[in-house]
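Dear colleague,

I am passing on the structure we spoke about, so that you have it at hand while you read my notes. Could you go through the points below with the model open beside them?

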Amino acid sequence: MALYFERAVIDDPLLSVQPPSGGRAVLAEFVSGGAASARPLDRARLGGVLDFLAAVRPLVKAGFLTIAPIGNTPDPSSPLPLLYSPTAFEERVPARLREWFRSRARVHGLWRAGGTLVSSDEPLAPTRTIRIEFDGLNQAMAFRLMPTTPESHSDDPRHFTFTIHDGDAPVSEGEFNVWVAQSINQFAGNVYADVTRDVINAASLEAMLLTDSTFVEDFLSYGGDSVDHEHAVAELALQLQLPVLDAISEGDLMRVRGDEPASLAAFRIQLDRGLSSISSERDEADKQRKLAEFRHEMTLRAREAELAVQRLQSAMKTDLALGVVSLAASYFAGGLLAAGALVAARGAFKRLNDYNSNARATPGHFLMKLQRAAKMSAR
């Protein structure tokens, strides 16, 4: 990613390990039977987040990666509001997307087994706890249908008290089906709001929204809208996977990226030119074949640059060796050959200047510098 994009912004991963607060904490406390804040911290998950933050520290230090709480949404108010929708909350998703969400929804029943909830592969049957997933989305949501008892107040006909019970009383099939449809719509509404927020944030920064979710990819392209050229090239850039990137550290990558701006610019031009041609392929198999050929071609460019440097070093050694011989001879000849030493030195420095002016502005030079940095770190 750092070879093609100028900068990246990601959500703060620490948000995913924070305990619920506000209205979420109230609901979690009721369902779990204990204070949400008192539950033990998932240390394994926190450790994974901290390892990730340590690994990307060079990217942040170099100014390439920014970590921001872009996925942070306000907690629901406390006390929780009482919501009602005669349409089972289907209005939370635009009409043209409702059937698309429903077709990708997978609902699983959950039953209590001791102190945990378990799921089975049996056909869905009425139960008071379900888990909903959408195909291609690495996220799930659990819903609990709790028996509710309303109580009116004779002194104020506008005042009602609803008592919620966390029980496992049987639920009718009709009520269960309505609740499942409502839960799918609520989850779909949450996902729709999250993706919409990410799209708006990306647009406000004049940036691309990158995702590894096939669900989000299909969602953004749903309705027949083709992916534009710029996004198609960016997607191929993420698939390129140059071999040198497997061996180089994040710190070395950022250092070379900062030390070789002309080479990086030349590399990106060549990358964009090659991937633009590949992106026009309609057949996916042909596209992947050409991508592999382009990957091999870029590797050859790095080898050519390495050979060019070796030839330059050899030629400079010859020029400088001739200069040393001329200087030694001039000592015995009274300085008559000193001019030859100067000519040899000028030839060596001219070769170096020509290389700095021309060879550095080639994509192969940048890849060569990455390979050299990786080899130096491996020693």
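S213 sits in the loop between α5 and α6, and in this predicted model S213 is buried, with a relative accessible area of 11%. Its side chain reaches the backbone nitrogen of F215 at 3.2 Å, and the side chain of S213 also reaches the backbone nitrogen of V216, at 3.2 Å. Once its neighbours within four places in sequence are left aside, S213 is in contact with G136 and L137.

L205 is likewise placed in the loop between α5 (173-204) and α6 (214-220), but L205 is exposed, with a relative accessible area of 55%. Together with V9 and I70, L205 makes a nonpolar surface patch of about 230 Å².

As for L242, its contacts, leaving aside neighbours within four places in sequence, are L3, F267, R295, M298 and L367.

Side chains of opposite charge can pair when their charged atoms come close. The structure holds 16 salt bridges, and one of them joins the side chains of R106 and D135 at 2.8 Å, N to O. Because R106 lies in strand β3 (residues 105-113) and D135 in the loop between β5 (129-134) and β6 (140-144), this pair ties together parts that are 29 residues apart in sequence. R106 is partly exposed, with a relative accessible area of 35%, and D135 is partly exposed too, with 31%.

D286 counts as partly exposed at 30% relative accessibility, and R289 is partly exposed with a relative accessible area of 41%. The side chains of R197 and D198 also meet in a salt bridge, at 3.3 Å, N to O, and D198, at 24% relative accessibility, counts as partly exposed. Finally, E90, R98, E99 and R102 are linked in a network of salt bridges.

Key
Residues are numbered from 1 along each chain as its sequence is written. This is a predicted model: local features need pLDDT of at least 70, side-chain atom pairs count only at pLDDT 80 or more; totals for chains, interfaces and linings use all residues. Side-chain values use heavy atoms; hydrogens and water are left out. Patches are made of residues with over 30% relative accessible area and no salt bridge: like charges are joined within 9 Å, nonpolar side chains (Val, Leu, Ile, Met, Phe, Trp, Tyr) within 5 Å. Accessible areas come from the Shrake-Rupley method with a 1.4 Å probe; for residues, only the protein chains shown count as cover. A salt bridge is a side-chain nitrogen of Lys or Arg within 4 Å of a carboxyl oxygen of Asp or Glu. Helices (H or I, at least four residues) and strands (E, at least two) are DSSP runs, numbered from the N terminus. Buried means under 20% relative accessible area, exposed over 50%, partly exposed in between (1.4 Å probe, protein chains only). A polar contact is a pair of N or O atoms within 3.5 Å; within protein, one must be able to donate a hydrogen and the other to accept it, and residues adjacent in sequence count only if both atoms are side-chain atoms. Contact means heavy atoms within 4.5 Å.
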